Amino acid sequence: MDNFINLIKLSVGSETYEDILAWQSSKRAQTKDGLPRHVTRMWPKREAEILNGGSIYWVIKGVLTCRQRILRLDEVIGSDGIRRCAIVSDPDLIRVQTALKRPFQGWRYLKPADTPPDLPKGRSAEDPLPTELNRALAEIGVL
């Protein structure tokens, strides 16, 4: 039995894998120690499981595309005084076998058994399934 959990998140504003890389290289998207972070309003209740080997899986334009290992969760207090969670991740963005995902708000937990496999290093993409087949498989829960 796996003792970690992943997160899945829409990458709003990104059109491509390279867009995420570009955003995360900006100072605004980094911690003081230069690691990429994503600030969110909610603090994950399953923090211990996330920090036990979990990753954040990024959905770009309705397609699950890549992941990053989560290193820590930092507290961020906004100018409005509200406590937020910065999901701090490894700078390595790992491409995964793509899968269609319906839109959702915020982030969701993603069980290890439901995650797509990583692509081999150096491979930027897999030959995609035809869109209609991919969509049909996603609708019945296969992908």
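A salt bridge is a side-chain nitrogen of Lys or Arg within 4 Å of a carboxyl oxygen of Asp or Glu. The model is predicted, with local features needing pLDDT of at least 70 and side-chain atom pairs 80 or more, while totals for chains, interfaces and linings use all residues. Residues are numbered from 1 along each chain, and side-chain values use heavy atoms, without hydrogens or water.

Q: Which residues are linked in a network of salt bridges?
A: The structure holds eight salt bridges. The network links Asp 33, Arg 72 and Asp 74.

Q: Is Arg 72 buried, partly exposed or exposed?
A: Buried means under 20% relative accessible area and exposed over 50%, with partly exposed in between (1.4 Å probe, protein chains only). Because its relative accessibility is 27%, Arg 72 counts as partly exposed.

Q: How far apart are the closest N and O atoms of Glu 15 and Lys 61?
A: Glu 15 and Lys 61 form a salt bridge. This pair links distant parts of the chain, from the loop between β1 (6-10) and α1 to the loop between β3 and β4, 46 residues apart. Glu 15 is exposed at 51% relative accessibility, and Lys 61 is exposed at 58%. The closest N and O atoms of Glu 15 and Lys 61 are separated by 3.7 Å.

Q: What is the N to O distance in the salt bridge of Glu 49 and Arg 46?
A: Glu 49 is partly exposed at 28%, and Arg 46 is partly exposed at 33%. Their side chains meet in a salt bridge with an N to O distance of 2.8 Å.

Q: Which residues does Ser 89 touch, not counting residues up to four places away in sequence?
A: Ser 89 belongs to strand β5 (residues 83-89). With 3% relative accessibility, Ser 89 counts as buried. By contact (heavy atoms within 4.5 Å), Ser 89 touches Leu 35, Pro 36, Gln 68, Arg 69, Ile 70 and Leu 71.

Q: How far apart in space are Pro 103 and Leu 10, C-alpha to C-alpha?
A: Pro 103 lies in the loop between β6 (94-100) and β7 (107-110), and at 75% relative accessibility Pro 103 is exposed. In sequence, Pro 103 and Leu 10 are 93 residues apart. In space, C-alpha to C-alpha, Pro 103 and Leu 10 are separated by 7.6 Å.

Technical notes:
Helix = DSSP H or I, 4+ residues; strand = E, 2+ residues; numbered from the N terminus.
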